[in-house]
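Please keep the sequence and the model in view while reading.

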Amino acid sequence: MSNYCYIVIQLILTKAVEVTPVYLKKNILESVKQLFGEVGASVNIDLLKFNSQTLEGILRVPSCHFIKLRASLVLSGYYEGIQCTYLIKKTSSLLLALQGDSRDYKH
Amino acid sequence: MVRLKNRYIVVEINPQFSNRDNKIQPFRLQDKVLNQAIQSEVQLIHGDFGVASIRSGFQVKYCNDLTRIAIIRCTHGPHKLVTSVLPLITNLPYLTAGIFVNILYTGATLKQCFNFIKTHQERKYNEFCACLKSEEEKNELRNAVLNFETILNKLTN
C-alpha cells in the first residue's frame, strides 16, 4: 500500500467564522505540538484540499504518524479561541478510495 | 507477578563557560530545580504525552554540588524520552550562565550506578591530583570528590 494516510475531516465550530486553509493547518499543527511536542510537529502534514463553505478538507500524513495525528485531532478543542471539534469522516491509505465507497452507495 | 522496571540515569551537569582562570566554581544543584527543568524540556520536546508518560516514577534521586553529578530515576520505557531531552537542557532557572548535561551511564539498579560513580570519581581524582602539589590540597579534594555518605544513606534507607 502507500506510505501515506489520507483523512477526510470536517471542522465543526460553535460560532460561524471564516476559516482559511492556512489558519486550519496552523490549528492542526498546534494541536499536534500540544500533545506530542516538537518531535510530533516535525512530521509533514499536508492539507491537500479544503472547502471553506462546508469546512471539509483532506489531510495527508505518513502512515507511521497517522495515529498521532488522529489522537491530536480528537483532543483539539479550540480554533482561534472558539470551541471546535474535528469530525473524522473517512480515512484511507489510498486517495482514490476516498472518492467513493460502499457507504456512499445509494439504492 | 509483574515487576515494575526502573532505569537510573547518571548525569554530569557542567557549566557552559568556565571562568577566565579556568577554575570551575561549584554551583548549587537542587533536586527540585533539576526535576522541573527536565519536565519542562520534555513538555517542549515530547508534549503532554511525554510528560504524562514520564511522570510516574520520575525522581531526581541524588545531587552532588561539588562533583555536579546527579542520578535520575524513571520507569523503563519512558526513560528513552528522558535521555533524548537531557542533552537539550541548556539552563537552570536560578543560574545566569548556561549549562550542559552529559549522560554518563544508564543502569537498572542504584547499586550499579553507585559502582559506576565510584570508579568515575576515582579516575577524576587521579586526573586532578596531577595538578596539585601539597598533601593538604590532595586530602581536601579527596574528601570533596569521594564523599559518598549521602548516596550510601539513600541506599540503606
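## Terms and basis

Helices (H or I, at least four residues) and strands (E, at least two) are taken as DSSP runs, and their numbering starts at the N terminus. The model is predicted.

## Chain B: elements and surface

Four strands and five helices are found in chain B. Their order along the sequence is β-α-β-β-α-β-α-α-α.

Of the 157 residues in chain B, 42% are buried. The chain exposes about 9,500 Å², and carbon and sulfur atoms supply 51% of that area. Among the contacts in chain B with a separation of 6 or more, 72% are between residues 24 or more positions apart.

## Chain B: confidence

The average pLDDT of chain B is 83, with 84% of the residues scoring at least 70. Helix α2 (residues 79–85) of chain B has the highest confidence, at a mean of 94, whereas helix α5 (residues 149–156) of chain B has the lowest, at 64. Where pLDDT is low, the predicted coordinates should not be read in detail.

## Chain A: the sheet and a helix across it

In chain A, five strands form an open antiparallel sheet in the order β2-β3-β1-β5-β4. Strands β2 (46–51) and β4 (78–79) of chain A are the edge strands, each pairing on one side only.

Eight antiparallel bridges join strand β1 (residues 4–13) of chain A to strand β5 (residues 82–92) of chain A. A:Leu11 has A:Tyr86 in β5(A) as its bridge partner. Helix α2 (residues 66–75) of chain A lies across β1, β3 (56–62) and β5 of chain A, and runs at about 145° to β5(A).

Notes
Residues are numbered from 1 along each chain as its sequence is written. Chains are lettered from A and ligands numbered from 1 in the order in which they are written. This is a predicted model: local features need pLDDT of at least 70, side-chain atom pairs count only at pLDDT 80 or more; totals for chains, interfaces and linings use all residues. Side-chain values use heavy atoms; hydrogens and water are left out. Buried means under 20% relative accessible area, exposed over 50%, partly exposed in between (1.4 Å probe, protein chains only). Contact means heavy atoms within 4.5 Å. Accessible areas come from the Shrake-Rupley method with a 1.4 Å probe; for residues, only the protein chains shown count as cover. pLDDT is the predictor's confidence in each residue, from 0 to 100. Two strands pair if DSSP finds at least two bridges between them. Axes are lines fitted to C-alpha atoms, for helices over the stretch in contact, and angles run from 0 to 180 degrees between N-to-C directions.
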